[in-house]
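Have the sequence and the 3D view open side by side as you read.

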Amino acid sequence: MTATDIEQQINQLRRQINDYNYRYYVLDAPSILDAEYDRLFMQLQQLEQAHPESITPDSPTQRVGAQPSTAFQSVTHTVPMLSLNNAFSETEVLAFGKRIRDRLHDTDDLAFVCEPKLDGLAVSITYRQGQFYQAATRGDGMNGEDVTANVKTIEAIPLQLRTQDFPTVLEVRGEVFMPKAGFIKLNEQAEQAGEKIFANPRNAAAGSLRQLDPNITAHRPLNFYAYAVGQVQGYCLPDTHHAILQQLQQWGFPVCSENRVAINEMACLAFHAEILAKRASLPYEVDGVVYKVDALALQQQLGFVSRAPRWALAHKFPAQEEITTVNSVEFQVGRTGALTPVARLKPVVVGGVTVSNATLHNMNEIARKDIRVGDQVIVRRAGDVIPEVVAVLKERRPAHTQAIVLPRQCPVCGSDVLHLPAEAVARCVGGLACSAQLKQRIKHFAARRAMDIEGLGDKLVDQLVDRQLLHSIADVYQLPLTALMQLERMGEKSATNLLTALEHSKSTTLARFLFALGIREVGETTAQVLAQHFSDLTTLSQADEEALQQIDDVGPVVATQVVGFFHEPHNQAVIEQLLKYGVHWPQPAPMDQSAQPLAEQRFVLTGTLEGMSREQAKAALIALGAKVSGSVSSQTNFVVAGRDPGSKLIKAQALGVRVLTEHQLNDLLAQLAMDD
Ligand code: 9MJ
């Protein structure tokens, strides 16, 4: 090959790789397989190694390679990087619109560009003659830090502008962020390696960008969305913000696909509501939306007031994290005796809800986060999960904090607490002598997905145990009407209704009954698997660990718990009583293997399904032999994602699990019904 041939080949490879990145990051439409991309990349690397004189700084192979530095240089922003004024309510947004209209006098039409507000790190990237030149953090808006070597490793950011028609100097501004899926994966890897866990994707993005060694940044899953230009020389920009965003996309920058032009403030508010509703299912974290006056001439007329533009507004979502103080820590006792440390907090409003308790999970977590009573902590409340303490503000630690100590005795019954070194949780050994455990067991027994005893709620169970009317789960079927009627807020009618519900609940299924017994490690799915395999309780209760482990999905841990449970004389007595009091279930029909087209297939359902309940979908899948579980893992074959699917969808995407829409699920079920 001649030198010209080689140069041509190298240029072609670079073009192909840049094109692939553009399609992947900007157009969101990957055009080749990852393996093919890797092959092209290696081919280019080999050619460049053989011909080092051909290497140029904008070659895709040159993203990584800078030496670790000892400090970041300071960069002065030619055009200051301003901050945005914040609004938290509709009233403030309408006032923002009115201020603008008043200033501009004659504005019937006032279009805005609405953008999700990404929760990452603002950066400025300068291109000279179309080539990546320098990248800097926002810093204080006037001076930032030179993070050129690190930003250069982010594949989404072009090293060279795509079209021939570009400014001699172009400064692009936008947000470097870590997608949720990448964040989950990064933390999983860090946990396995015993390394530091990041509290949220923003911290992870900031930490990754502030690495002195760009080789580390290169391995972090960072992405970028452009949302503004800074200095521009030698080019006439379009006259609206939305057209600038389109131009940025043509130059090769990813721009958020949710961005939208809104014709007035009311349309802005609708955008806010829409993104808020989508928040959990977006693949990146957002903390609000941004409204920007679309016409640049109007932006110029409006100008700035103290370091923020008058023409833009950040309309924030209710915060999901706040800072507060740990006043004390109490230990709650669960159904299996597990002691869960719960922080009693100085009440704080998080995302519109007052939070005064947060789970600390277990003693290992307390040690890992180094939480002490008296500390100021960050609490997070996301969706409907229990609030948790994310991190301690160590620099604010007061002089006299107290260590959190695991009690030696159960705070409810006084029995010993056992903390096996191999287990994360500590447990009260009191068993059913511990009223806390008894209450939780009965609540679990009565729950909708277990025996489904309507009217036997948490408060009622607490009263019944405290008054010594219940000593075991079987006692619920022996409650006398007269005793019930003496309880608080319980008239004759409610008492009779409860007895009817109790009677009704006796007709159940073996799977529900097994789940209701509260055997450790036996959740709803395992209960279903056991019921399907054994079909009668006597055989199951006599099975040994070996027989149990023959079943798919039953490992040594579950097998040990099941055998242990049925060997316990007290448990045998309770089961006998329950059967004597009339609990019964139909004998399942023998399993026909040919009717199990989804055998071995593992499904996870997430989000709201429109045409059926999750329970119905689950039953339909199980009837075809599928396993339906609650969490996504590498073992999962399919995730069915309904409306507002949340973190399970993100995890599925992170693990490359196949995702089905409700429509596709229906097609699959219909197809299998036809095959039958
Ligand atoms: C974020 N964080 O997503 C701006 N931002 O515009 C968007 N930030 C911004 N725009 C001017 N979408 C200053 C900051």
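Start at Lys292, where an N or O atom of the side chain sits 2.8 Å from a nitrogen atom of the ligand. Keep in mind as you look that this is a predicted model. Tyr227 also brings its side chain to the ligand, with an N or O atom 3.4 Å from a ligand nitrogen. At Pro116 the backbone takes part instead: one of its polar atoms is 3.4 Å from an oxygen atom of the ligand. How much of the ligand does the protein bury? Taken alone, the ligand exposes 340 Å², and the protein buries 87% of that.

Now widen the view to the residues around the ligand. They are Leu82, Leu84, Glu115, Pro116, Lys117, Leu118, Glu175, Tyr227, Val290 and Lys292. Sorted by class, this shell holds 6 nonpolar and 4 charged residues, and no polar ones. Two elements, β3 (112-118) and β10 (286-293), each give two or more residues to the shell. Of the elements, β3 contributes the most, with 4 residues.

Next, turn to the open spaces of the protein.

A search of the whole structure turns up 2 cavities of 30 Å³ or more. The largest cavity has a volume of about 80 Å³. To locate the largest cavity in your viewer, select its lining residues: Leu432, Arg441, Ser472, Ile473, Leu517, Phe565, His570, Asn571, Val574 and Ile575. Helix α21 (residues 569-580) supplies the largest share of that lining, 4 residues. In the lining of the largest cavity, 6 residues are nonpolar, 3 are polar and 1 is charged.

The second largest cavity holds about 30 Å³ of space. Around this second cavity you will find Phe331, Leu339, Pro341, Asn362, Met363, Leu406, Ala424, Val425 and Ala426. Its lining has 8 nonpolar residues and 1 polar residue, with no charged ones.

One more side chain deserves a stop on the way. His444 belongs to helix α12 (residues 435-446). Is His444 buried or exposed? With a relative accessible area of 13%, His444 falls under the 20% cut-off and therefore counts as buried. The side chain of His444 also reaches the backbone oxygen of Phe515, at 2.7 Å.

Finally, zoom out to the protein chain as a whole. It has 24 helices and 24 strands. Its C-alpha trace spans about 90 × 65 × 55 Å along the principal axes. Of the 676 residues in the protein chain, 45% are buried.

How values were computed. Residues are numbered from 1 along each chain as its sequence is written. This is a predicted model: local features need pLDDT of at least 70, side-chain atom pairs count only at pLDDT 80 or more; totals for chains, interfaces and linings use all residues. Side-chain values use heavy atoms; hydrogens and water are left out. A residue is near a molecule or strand if one of its heavy atoms lies within 4 Å of it. A polar contact is a pair of N or O atoms within 3.5 Å; within protein, one must be able to donate a hydrogen and the other to accept it, and residues adjacent in sequence count only if both atoms are side-chain atoms. Accessible areas come from the Shrake-Rupley method with a 1.4 Å probe; for residues, only the protein chains shown count as cover. Ala, Val, Leu, Ile, Met, Phe, Trp, Tyr, Cys and Pro count as nonpolar, Asp, Glu, Lys and Arg as charged, and the others, Gly among them, as polar. Buried means under 20% relative accessible area, exposed over 50%, partly exposed in between (1.4 Å probe, protein chains only). On a 1 Å grid over the protein atoms alone, a cavity is a set of points where a 1.4 Å probe fits but cannot get out, and a pocket is an open set with protein on both sides within 12 Å along at least five of seven lines; lining residues have an atom within 4 Å of a point. Grid points are joined across faces, edges and corners, and a volume is the space filled by probe spheres set on the points.
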